[in-house]
Amino acid sequence: MLNLERLRTLDALARHGSVSGAADGLHVTTSAVSQQMAKLEREVGQRLLAKNGRGVRLTDAGRLLADHAARILSQVELAQSDIEAQRGEVVGEVRICAFPTAARGLFPAMLTSLRADHPDLTVRTRELEPEQGLRAVFRGDVDIAVVLDWSNKRLPVPGGLTKAELLDDAPDIAMPAGHPLADRDEVDLEDFADDPWVSWPEGEFCYDWLMFTLRSRGIEPRIAHLAGEHHTQLALIAAGFGVCVAPRLGRGPVPEGVRLVPVRQTMRRHVHAVWRTDVDRRPSVRAAVAALRAAGAGVAADGG
């Protein structure tokens, strides 16, 4: 009889490609992963892992069993969803990730609502950038990811995932209070063709969006500073080191010396919740999505 937890370990190894990655995804130690795999090899009577430089790779038998493991675990998840749906109780655990400003802007209200309405539900949250969040949902590392895309640059959502809109977020341009355009009621992106920009780090979805958007308007951006946190970006703006796009969701207090001006052209961040379609019937997932929608509606009503 194959052990389900050992199949889960093999599946994590196949998805993450390393013992350390599997351990992180399963929230266990690398030693625990190695022990589970050794036991699974004894159960099946074949080598499932082979050394590959300083790491490991799946053998042919390992890949074959990993394919079966993925299907078995998917069926187990469907069975759990059906049982939860028949019982109709919001219990157990739900794991949710979000990009940082969504975590700051949505999680407190969502968690407060779920604790009040469903006290037997355990909710675990973490911050992940949108593309990382999609991968985590697809792999089954989290149940729901809060992700974003922009009106002119969409984030592809893989098949097998369901998406629900939470809110639209209208960003402003943040500039030093002494900037020549600080007294304007509205600005155009073209107005900042000669300004240095403070941006998200290279490789992040929003960095790619900023490069794409500015270049599509004939602006070759001069990126002066990179910072992942919006509060860090605004601190640099307050000190006079450039301009940046400042979304309203999760913004919090704005430092003295920073002026926020709306953009005349329509620029919208679309914020979505994404989850695997095969867990759609779980009451815990439905309750969490409903709480996220309510939190998003509250943000929209407050104007960001």
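Q: What are helices and strands here, and from where are they numbered?
A: Helices (at least four residues) and strands (at least two) are DSSP runs, numbered from the N terminus. The model is predicted. Take Asp 280 as a case: this residue sits in the loop between strand E12 (269–276) and helix H9 (283–302).

Q: How many helices and strands does the chain have?
A: The chain has nine helices and twelve strands. Its C-alpha trace spans about 75 × 50 × 30 Å along the principal axes.

Q: Is Asp 280 buried, exposed or partly exposed?
A: Read the relative accessible area. Under 20% is buried, over 50% is exposed, and partly exposed lies in between. Asp 280 has 26%, so this residue is partly exposed. Setting aside neighbours within four places in sequence, Asp 280 contacts Trp 275 and Arg 286. Gly 159 is 121 residues from Asp 280 in sequence, yet their C-alpha atoms are 14 Å apart.

Q: What about Asp 172: buried or exposed?
A: Asp 172 has a relative accessibility of 5%, so this residue counts as buried. Asp 172 lies in strand E7 (residues 172–176).

Q: Which residues does Asp 172 touch, beyond those up to four places away in sequence?
A: A contact list shows what packs around a residue. For Asp 172 the list includes Cys 244, Val 245 and Ala 246. Arg 248 and Arg 251 are also touched, as are Leu 260, Val 261, Pro 262 and Val 263.

Q: Which residues of H7 are buried, and what covers them?
A: The buried set is Phe 205, Cys 206, Tyr 207, Trp 209, Leu 210, Met 211, Thr 213 and Leu 214. Their cover includes helix H6 (130–139) and strand E5 (144–150). Strands E8 (196–199), E9 (222–226) and E10 (244–246) are also among the covering elements.

Q: What does UniProt list for residues 2–59?
A: The unreviewed UniProt entry lists residues 2–59 as "domain: HTH lysR-type". In the model, this stretch is 62% helix and 14% strand, and its end C-alpha atoms are 18 Å apart.

Q: Where does Leu 48 sit, and is Leu 48 buried or exposed?
A: Leu 48 is in the loop between helix H3 (30–44) and strand E1 (49–52). With a relative accessible area of 1%, Leu 48 is buried. Leu 48 touches, among others beyond four places in sequence, Met 37, Leu 40, Arg 57 and Leu 65.

Q: What share of the whole chain is buried?
A: Of the 304 residues, 46% are buried. The chain exposes about 14,800 Å², and carbon and sulfur atoms supply 49% of that area.

Conventions: Residues are numbered from 1 along each chain as its sequence is written. This is a predicted model: local features need pLDDT of at least 70, side-chain atom pairs count only at pLDDT 80 or more; totals for chains, interfaces and linings use all residues. Side-chain values use heavy atoms; hydrogens and water are left out. UniProt positions are given in the numbering used here, feature names are shortened, and annotations may be inferred rather than shown by experiment. Buried means under 20% relative accessible area, exposed over 50%, partly exposed in between (1.4 Å probe, protein chains only). Accessible areas come from the Shrake-Rupley method with a 1.4 Å probe; for residues, only the protein chains shown count as cover. Contact means heavy atoms within 4.5 Å.
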